[in-house]
Every structure is written in structure tokens, then in C-alpha cells.
Amino acid sequence: MNFIITMAIIIGGTTLGGHLFARIGLPVVIGQMLIGIVLGPSVLGWVGMTHSLEDISSIGVVILMFAAGLETDLEQLKKHLLPSAVVATLGVILPLGFVYAFGRSIGTSNIESIFIGIVFAATSVSISVAVLREAGALRTRAGNIILGAAVLDDIIAVLLLGVFTQQEGGDGSNLFVRIVLQGGFFVLVWVIGRYLATPLLHLSRRLLVPLAVPLTALVLCLALAGLAQVVGLSDALGAFFAGIVVARTKVRDEVDSAINTVGNAVFVPVFFASIGLQLNLGAGMNWWLTAALTVIAVLTKLLGAGAGTLLTGGDLKESFVVGAGMVSRGEMALIIAQIGYSAHLLSSAYYGMIITAIVAATLIAPLLLRLALRERKTATE
């Protein structure tokens, strides 16, 4: 199908789907993801994932996480570093252990079981960010814990992936170099935030083009997102830190308004639709095993992250919010699964089941989070 027509169908569909779900009190992102399922190979088969859609989807993730960084209070993030670390750690240990046990029980090899565990240890906070922003809860204590834990979770998952792939055949020095580069990336972010961002954005006002300041901020966002990928981190993590850097300048509101307009018009809806497009409910799927893996994926994050919140002073309602906010796997798990499949660490027999469980957990996550936020709000009224 012609790419422009494809984009028209996706944007039109996600707009209507988001509207319908908002009308019935459900997260807009659920409607956008379900439109992807309907348009994709599972139902109508009108739209398939292409390289162009993947690229637009990647930019959608970057813009979404940049916007989340713009709305994040760095001091609050630092304040909640300990609970974030505990939530991230338990939110990795439980999925890794239980999914490994599940893999062994269905006959996968030791190596494949470990790798499947790593896939489901990852968290993609992009979906939760959209729901938190929609509910006005991004700057709450729970919102800050979710953001902090997701950043740490991302780093843990990347390190686990690096260690595992090196163990399976690679030079240990490569892992050391990667860790050094990642450390250098965070130093660079600090230098930009401390010394370069404010004068750079101030100078951009002299450019004789419309929206010069937001465009300069976007260049910074894309540059840091790209550098994060180069050193083995996710582009979402780089974009998030770029947002934090810009948020500490005087142009935050100006940039936030422009970026949200651009992102919500095209890139972010395509990202959410792409999650549904990657689901193929075709024949040959073992639905019992897929359902079991999905339940394990949801419960282990929900209970692990929730327990971490309780251990660090949160109540049951807040632990439900944080646990639900960490359930989503999204693009991070999909990327790790694809790396494993390409490296022959995942067999084709189970690859479809894993992708389906990732997408299913990602669809369930915003519903759980909306329910948790509603209960939290009711309890405080």
C-alpha cells in the first residue's frame, strides 16, 4: 500500500480509536494500540510493519520520553532514588526468576530460558508515561518512583543483556568498553545540563526561523537519544535525560508546548499503533502457554515493583500504582527479543509466543494503571 495512504489510515484510525476510548473513560493509548491490531495482520491485514513505520515509531518513543523528561522534577527524582532502586531491583528479579522457571517447565534450554527471563525483566515506561500524563499524575511521588525505577530497570536490563551475550560467545573486553562508554554518556549529559544547554538555547533565539528554540531542543533530544543507542543504552533513556536537561532551563514551557503538538499529531500515535501491528494472532500459536506467560509477565512486575514500594514506605494503593506502572514491556522487550532471535538465542518455536505475550502485557498495563490511579484518587478524597 502507498505509504502516504498508510499514514492517513493510521493517523485517522488512532484519532478515532483514541476518541472512542476517551469517551468511555479508558486510556487513549489503548484505543490507539487496538487500532494497530485491527489494521494489522491479526484482523484486517491492511497495514504491515515497514522500515518507515519502525523509524517513525522510534521517533514517537523519543518524543514521548523527551516530553516526560520535560515534566520531571529532577530534585523529586533524586529524593525518591532509594525507593526507585528497590522497585527496579525487585521488578527485575521476580520476572527473571519466574519466567526462567516457566521456560524450563515447557522444555526450553537453560540458555533460552535465561534469555526469555531477561526479555521480561525489561520495562518500557513509555506507555505508563502517557497514562500518567493523561491523569495528571506524572509529578506525584508514585510517578517519580516509576520514572526513576524505569531508568534503573533499563540500565539493569541492558547490563544483563550485555553480560549474557558476552558469556555466550564474545570478548569480555567489549563489555568493559561498553560500560565505560555508558559512563561517559552520563558524564556528557551532566556537562550539557550544567554548562551548555542554557547558553545554547539562548543563542537559538537569534536564528531567523520559526520555532528556533523548540527545534534546537529537539536537535539536542535526538542527539542524546542517538548517542544513547550508540553506547548500548535505549534511545528512550537518552531522550528522557535530554528532557530533564531542557526542563532546568527557562524555555521549558515553550519547548514542552511545541514538542507535544508535533509528537501527538503524528509520531506518538504511530508508535502506539505499531505495538498492535506487531501482533500476529495466526495459526500455530499455543494459546495456553501464551496466556500463562502473559499472566506471569504481568503479575511478577506488579508484585515485584509493588513490594519494593511497600518496603520503602509506600501504602498499598501507591504500591498498586507503581506496580501497574512497571508492567508495560513495549519496545524495550521487543528490541531485546529481536536481538536474541537474530543471535539464535531464541528459537522460532517460541518467538511468536514471546512477542504476543509482550504485546498483551503492554495492552493490559494502561488498564491496570488507570484502575490503580482511580483507586488511589478515591482513597485520598
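In this predicted model, Leu-77 has its place in helix H4.

**Leu-77 and its surroundings**

- Leu-77 counts as buried because its relative accessibility is 12%, and buried means under 20%.
- Leaving aside neighbours within four places in sequence, Leu-77 is in contact with Thr-72, Asn-144, Leu-147, Gly-148, Phe-240 and Ile-244.
- Between Leu-77 and Ala-149 there are 72 residues of separation in sequence, while their C-alpha atoms are 9.8 Å apart in space.

**The second largest pocket**

- The second largest pocket contains about 510 Å³ of space.
- This pocket is lined by 19 residues, of which Leu-74, Lys-78, Val-189, Phe-241 and Ile-244 are the closest to its centre.
- At least two lining residues of the second largest pocket are supplied by each of helix H4 (74–79), helix H5 (81–105), helix H8 (141–167), helix H9 (172–203) and helix H11 (235–247).
- H9 provides the largest share of this lining, with five residues.
- By class, the lining of the second largest pocket is made up of 13 nonpolar, three polar and three charged residues.

**The nonpolar cores**

- The largest nonpolar core has 110 residues, and Phe-66, Phe-120 and Ile-354 touch the most other members.
- Helix H16 (residues 348–380) contributes the largest share of this core, namely 15 residues.
- When neighbours within four places in sequence are left aside, the contacts of Phe-66 are Ala-217, Cys-221, Ala-239, Phe-240, Ala-242, Gly-243, Val-246, Val-255 and Ile-259.

**Helix H3**

- Helix H3 (residues 51–70) has 20 residues, which at 1.5 Å a residue should span 28 Å. The C-alpha atoms at its ends are 29 Å apart, which agrees with that expectation.
- H3 is largely enclosed by the rest of the structure, because 14 of its 20 residues are buried.

**The cavities**

- The structure holds two cavities of 30 Å³ or more.
- The largest cavity has a volume of about 120 Å³. Among the 14 residues that line it, Met-65, Val-125, Ala-150, Asp-154 and Ala-236 are the closest to its centre.
- H8, H11 and helix H15 (330–342) each supply at least two residues of the lining of the largest cavity, and this lining divides into eight nonpolar, four polar and two charged residues.
- The second largest cavity has a volume of about 30 Å³. Its lining consists of Ile-63, Leu-64, Ala-67, Arg-133, Asn-260, Gly-263, Asn-264 and Val-268.
- H3 and helix H12 (252–277) each supply at least two residues of the lining of the second largest cavity, and H12 gives the most, with four residues.
- The lining of the second largest cavity comprises four nonpolar, three polar and one charged residues.

**Phe-102 in helix H5**

- Phe-102 lies in helix H5, and with a relative accessible area of 10% this residue is buried.
- Phe-102 and Leu-293 are 191 residues apart in sequence, yet their C-alpha atoms are 7.6 Å apart in space.
- Leu-293 is also one of the contacts of Phe-102 beyond four places in sequence; the others are Leu-289, Ala-292, Ile-296 and Met-353.

**Two residues in loops**

- Ser-42 is found in the loop between helix H2 (28–39) and H3.
- The relative accessibility of Ser-42 is 19%, so this residue counts as buried, given that the limit is under 20%.
- Apart from neighbours within four places in sequence, Ser-42 is in contact with Ile-37, Leu-279, Asn-280 and Leu-281.
- Leu-211 lies in the loop between H9 and helix H10 (212–230).
- Leu-211 is exposed, because its relative accessible area is 57% and exposed means over 50%.
- Although Leu-211 is not a glycine, this residue has a positive phi of about 55°.

Terms used: Residues are numbered from 1 along each chain as its sequence is written. This is a predicted model: local features need pLDDT of at least 70, side-chain atom pairs count only at pLDDT 80 or more; totals for chains, interfaces and linings use all residues. Side-chain values use heavy atoms; hydrogens and water are left out. On a 1 Å grid over the protein atoms alone, a cavity is a set of points where a 1.4 Å probe fits but cannot get out, and a pocket is an open set with protein on both sides within 12 Å along at least five of seven lines; lining residues have an atom within 4 Å of a point. Grid points are joined across faces, edges and corners, and a volume is the space filled by probe spheres set on the points. Ala, Val, Leu, Ile, Met, Phe, Trp, Tyr, Cys and Pro count as nonpolar, Asp, Glu, Lys and Arg as charged, and the others, Gly among them, as polar. A nonpolar core is a set of buried Ala, Val, Leu, Ile, Met, Phe, Trp, Tyr and Cys residues joined through side-chain atoms within 4.5 Å. Buried means under 20% relative accessible area, exposed over 50%, partly exposed in between (1.4 Å probe, protein chains only). Contact means heavy atoms within 4.5 Å. The expected span of a helix is 1.5 Å times one less than its number of residues.
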